[in-house]
Amino acid sequence: MSATMENSRGTSGSIPLLTPYKMGEFHLSHRIVLAPLTRCRSKNNIPQPHAAVYYSQRATEGGLLIAEATGVSDTAQGYPDTPGVWTEEQVAAWKPIVDAVHRKGGIFFLQLWHVGRVSTYGFQPNGQAPISSTDKGNTPGLYGTDWSPPRRLRTDEIPGIVNDYRQAARNAIKAGFDGVEVHAANGYLIEQFLKDQVNNRTDEYGGSLENRARFALEIVEAICDEIGAHRVGIRLSPFTDFMESVDSDPHGLGVYMANALNKFNILYLHVIEPRSVGDSDPPPGHEDNVPHELLPMRKAFKNTFLAAGGYNRSKGNRAIADSYADLITYGRLFLANPDLPKRYALDAPLNKYNRSTFYTSDPIVGYTDYPFLEEQ
């Protein structure tokens, strides 16, 4: 047995994923985090009561949950029935959902989202063009329909978008969330500024890496000023090609952002592994590979580091044991196994997820009907 395998159970028989961790002022009882997952079950962009069941099912005492990507404004939408947090009605709808998680002892963060050019006229107010860093479109679109050509934001409009994030963060805290995660990954608006194969601007928000990162860092600064850096995380995906968002130097982009974020002393940095592309699973034989691509970012960032993308139990344990990450986020496995920490504690069999129900609007099927271990 290798030293890494021995370490995966800890020196006293403990399971690394199930060891406690102090994340700023938050005392976590384990290292298993619910990843932010778009579920398309918020009618008219308003969170629904069934979300309280869904999230509380996955809540544990001292466990961290990151809520689904949530729009910061009426221009932020690009998918059907995704939630928002820019109106009082939305804030009020989130409150009982947050309360349900807190009653279980969970720690709950809200992911703040703007899709940018990943949208169509139909999702935009008054049928206007989606906004972006660029006027370059991307294909293919949703359900076989191309995304509508975007409109490049004017330089003088950008502070208004930054303020949308600030207000959304304030609203999230008003709704009772413990903090927010800035969604700067997956080809959406912030990443459309960050990556040089999308951003073709020639003003202070384009060209150099410093300029391309300016928008993201202005958002982080505004949110930190509003709710405190101790409540702020960010998600990045420098290595992925979601929504045709590619960078010519992903390592350079990742390390630059990690260092730049240190200046704000934010709570955590959450990064998607380069192996995680779209909805694909890890290739056979690679499910347990120990990752290494994020190490430079891990070493550069001084606070809590979260890794996401293709993790299972053994790979997650190795990553924690090797100090590759502090916390591991799980998406599809946590979706299908609401009691994932318990199953990992017992090394119990897992429910299989059903892709066909990931994005349906049903309030139960593929949402709150995955069985708990004791029900099986």
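1. **Ground rules.** Because the model is predicted, local features need pLDDT of at least 70 and side-chain atom pairs count only at pLDDT 80 or more, while totals for chains, interfaces and linings use all residues. Residues are numbered from 1 along each chain as its sequence is written, and side-chain values use heavy atoms, with hydrogens and water left out.

2. The structure holds 14 salt bridges (a side-chain nitrogen of Lys or Arg within 4 Å of a carboxyl oxygen of Asp or Glu). One of them joins glutamate 88 to lysine 174, with the closest N and O atoms 2.9 Å apart. Glutamate 88 belongs to helix α3 (residues 88–103) and lysine 174 to helix α4 (residues 158–174), so this pair ties together parts 86 residues apart in sequence. Helices here are DSSP runs of H or I with at least four residues, strands are runs of E with at least two, and both are numbered from the N terminus. Lysine 174 is partly exposed, at 44% relative accessible area; buried means under 20%, exposed over 50%, and partly exposed in between (1.4 Å probe, protein chains only).

3. **A buried pair.** Do have a look at arginine 298 and aspartate 326, whose side chains form a salt bridge at 2.8 Å, N to O. Arginine 298 sits in helix α8 (residues 295–300) and aspartate 326 in the loop between α9 (313–321) and β12 (327–330), so the two partners are 28 residues apart. Arginine 298 is buried at 15% relative accessible area, and aspartate 326 is buried too, at 11%.

4. **A more open pair.** Lysine 342 and glutamate 374 meet in a salt bridge of 3.3 Å, N to O. With lysine 342 in helix α11 (residues 340–346) and glutamate 374 in the segment after α11, the pair ties together parts that are 32 residues apart in sequence. Lysine 342 is partly exposed, with a relative accessible area of 40%, and glutamate 374 is exposed at 56%. Elsewhere, salt bridges with shared partners connect Arg151, Arg154, Asp156 and Glu157 in one network.

5. **Helix α2.** Six of the eight residues of α2 (residues 50–57) are buried, so the helix is largely enclosed by the rest of the structure. Those buried residues are Ala51, Ala52, Tyr54, Tyr55, Ser56 and Gln57. They pack against β3 (32–34), β4 (64–71), α3, β5 (107–113) and α10 (332–336).

6. **Strand β8.** Six of the six residues of β8 (residues 179–184) are buried, so this strand is largely enclosed as well. Gly179, Glu181 and His183 point one way, and Val180, Val182 and Ala184 the other. Pairing requires at least two DSSP bridges between strands. β8 pairs with β5 in the parallel sense over four bridges, with glycine 179 as the bridge partner of phenylalanine 109. β8 also runs parallel to β9 (residues 232–236), joined by five bridges, and there glutamate 181 has glycine 233 as its bridge partner.

7. **Tyrosine 205.** This residue lies in the loop between α5 (189–194) and α6 (209–227), yet tyrosine 205 is buried, with a relative accessible area of 5%. Beyond residues up to four places away in sequence, tyrosine 205 touches several others, among them Thr155, Ile158, Phe193 and Phe215 (contact means heavy atoms within 4.5 Å). The C-alpha atoms of tyrosine 205 and threonine 155 are separated by 7.9 Å, although the two residues are 50 apart along the chain.
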